[in-house]
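Dear colleague,

Please find the structure below, together with its sequence.

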Amino acid sequence: MVGSFLTRRRFIEAGGSIAATSLIASAGTAAPGQTSGAASVKGQPMPDGVKLPATPPRPRAPDSVGFAIVGLGGYALNQMMPRFKDAKRAHIAAIVSGSPEKLQRVGDAYGIPANARYSYEDYAKLASDKRVDAVYIVLPTGLHADWAIRAFAAGKHVLCEKPMALSSADCERMIAAGKRANRKLMIAYRSHFEPYNLEAMRLMKEKAAGDIRLLRTEQSYRMGPTSPAENWRTSRALAGGGPLEDYGIYGLQSALYLTGEMPESISATTFRPTGDPRFAEIFAHVSSQWRFPSGAVAQLVSSYDSAGINFAEVRGTTGVLSMNPATSYAGQKMQLNGRELTPGDPGVQFVGQIDHFANAVRDGTPILTPGEMGLRDTRLIEAIYESARTGRTVKLAPDAKMRA
Ligand code: NDP
């Protein structure tokens, strides 16, 4: 793979994993007015290679939570929607898309009634659709905040893809809207439901590598030729600074849940080559160095222009925990002091988060990955960009809202 461009699909098939994106005003990628356009919804063609179900969904539990899927893109169609059939307490009740073709084909395949297939223009009508308890926002990141807030206004609970939004101000608006509506908000951080990462958290808490001294994470792949007009992941308005928000967020999360600490200082650097349409608005690489109150230090790297890797490693006083790939859809590998660990099937992470959210909606159980966690992470992303922009180390005041 080294030295060749990868499409996102090929990288995932090769065992990597990708996530979301976000815009930080201080990112300094492009001057205001130089972005590829406003963040507005726009239906897209059916992605290549989507396998729609051949059989209708099975009967569901009487208290099953009905979800409206908002945005029928690659992740929704290839990963999340097929997992609903395994959910104990959730089902797809409606779909929302800007593509009439997808509304018909996906709606038919999933047995969604014709009057539960919504365009973005009809979104507000969800308010009177009693079949829908919650919406799952799987839109480009720059659209998460507004469409989550509209869902709350319609009285629905919200499961929102990562990263939560493009700025901490937007995250705060989402949290406030959820509270006003008295509805739940969860960020779809799937690694919190994935056996390898759960085991890694447990091992680090038990000091299986001793006291943590060093942590390194790297999430990278080489993006094929594209431009902001063609691919929202390279548009500042929809994707923020780029690789950090989309993919490096997994490393950021790992650094927090493996150490169990919040950093007290961050220094960072970014790189954006000139003359490459992929990086007209976003960064090619983002690298940051963190110091934790315990004295541990972390190095986090993310890139859209280097050979693919999805890696996390913790070095403690007595041992090493290594994860590669660390947070993929499947194929995780993990070693503790050279010993291979196989704690379970990573495939359960998708339905795990769906049922976790459904239980929170029905029973009021606490959400492991709430909006406050998305806000915390967005603030850290902002600190990374502030350090890169100013060339200074950013000191972070201990803050209850920013707990690891
Ligand atoms: P895609 O580009 O494949 O799909 C996005 C969909 O959003 C489109 O198909 C379209 O659906 C809708 N859309 C509405 N407005 C726009 C617009 N202006 N530009 C582009 N699309 C638009 O993206 P992904 O599915 O890969 O990502 C969607 C979200 O899921 C992101 O937040 C991403 O970070 C997250 N994600 C999370 C992953 C994880 O592992 N947790 C992995 C991958 C993505 P339609 O045609 O139906 O209107």
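A nonpolar core, as the term is used here, is a set of buried Ala, Val, Leu, Ile, Met, Phe, Trp, Tyr and Cys residues joined through side-chain atoms within 4.5 Å. Buried means under 20% relative accessible area, exposed means over 50%, and partly exposed lies in between (1.4 Å probe, protein chains only). This is a predicted model, in which local features need pLDDT of at least 70 and side-chain atom pairs count only at pLDDT 80 or more, while totals for chains, interfaces and linings use all residues. Residues are numbered from 1 along each chain as its sequence is written, and side-chain values use heavy atoms, with hydrogens and water left out.

In soluble globular proteins, nonpolar side chains tend to be buried together. The largest nonpolar core of this model has 120 residues, of which F67, I69, M81 and W290 touch the most other members. Helix α8 gives the most to this core, with nine residues. Helices (H or I, at least four residues) and strands (E, at least two) are DSSP runs, numbered from the N terminus. Contact means heavy atoms within 4.5 Å. Leaving aside neighbours within four places in sequence, I69 is in contact with A76, M81, F84, I92, A94, I95, V96, Y136 and V138.

The sheet and the helices across it

Two strands are said to pair if DSSP finds at least two bridges between them. An open sheet of nine strands has mixed pairing and the order β14-β13-β12-β11-β7-β10-β9-β8-β15. Its edge strands, β14 (339–341) and β15 (394–395), each pair on one side only. Strand β8 (residues 265–271) pairs with β15 in the antiparallel sense over two bridges.

S265 is found in β8, and its bridge partner in β15 is K395. Is S265 buried or exposed? S265 counts as buried because its relative accessible area is 7%. Not counting residues up to four places away in sequence, S265 touches Q289, W290, R291, T393, V394, K395 and L396.

Angles run from 0 to 180 degrees between N-to-C directions, and axes are lines fitted to C-alpha atoms, for helices over the stretch in contact. Helix α6 (residues 195–205) lies across β7 (212–222), β11 (305–316), β12 (320–323), β13 (334–336) and β14, and runs at about 165 degrees to β12. Helix α8 (residues 243–259) lies across β7, β9 (285–291), β10 (297–303) and β11, and runs at about 160 degrees to β7.

Helix packing

Two packed helices are described by the angle between their axes and the distance between the axes. Angles under 35 degrees count as roughly parallel, over 145 as roughly antiparallel, 65 to 115 as roughly perpendicular and the rest as oblique. The axes of α4 (residues 144–153) and α5 come within 9 Å and cross at roughly 5 degrees, which makes α4 roughly parallel to α5. H144, A145, D146, A148, I149 and F152 of α4 meet D170, R173, M174, A177, G178 and A181 of α5 in this contact.

The axes of α5 and α10 (residues 371–390) also come within 9 Å, but cross at roughly 170 degrees. These two helices, α5 and α10, are therefore roughly antiparallel to each other. Here the contact involves S168, C171, E172, I175 and K179 of α5, and G371, E372, G374, L375, T378, R379 and E382 of α10.

Helix α9 (residues 348–363) has 16 residues and reaches 21 Å from its first C-alpha to its last. That is close to the 22 Å expected at 1.5 Å a residue, the expected span being 1.5 Å times one less than the number of residues. Among its buried residues are F350, V351, I354, F357 and V361. Their cover includes β1 (65–70), α2 (74–80) and β2 (90–96).

Backbone points to check by eye

Most residues other than glycine have a negative phi, and most peptide bonds are trans. A cis peptide bond joins K162 and P163, with omega about -15 degrees, and P163 is in the loop between β5 and α5. Another cis bond joins N324 and P325, with omega about 0 degrees; P325 lies in the loop between β12 and β13. N182, in the loop between α5 and β6, has a positive phi near 55 degrees and is exposed, with a relative accessible area of 62%.

With kind regards
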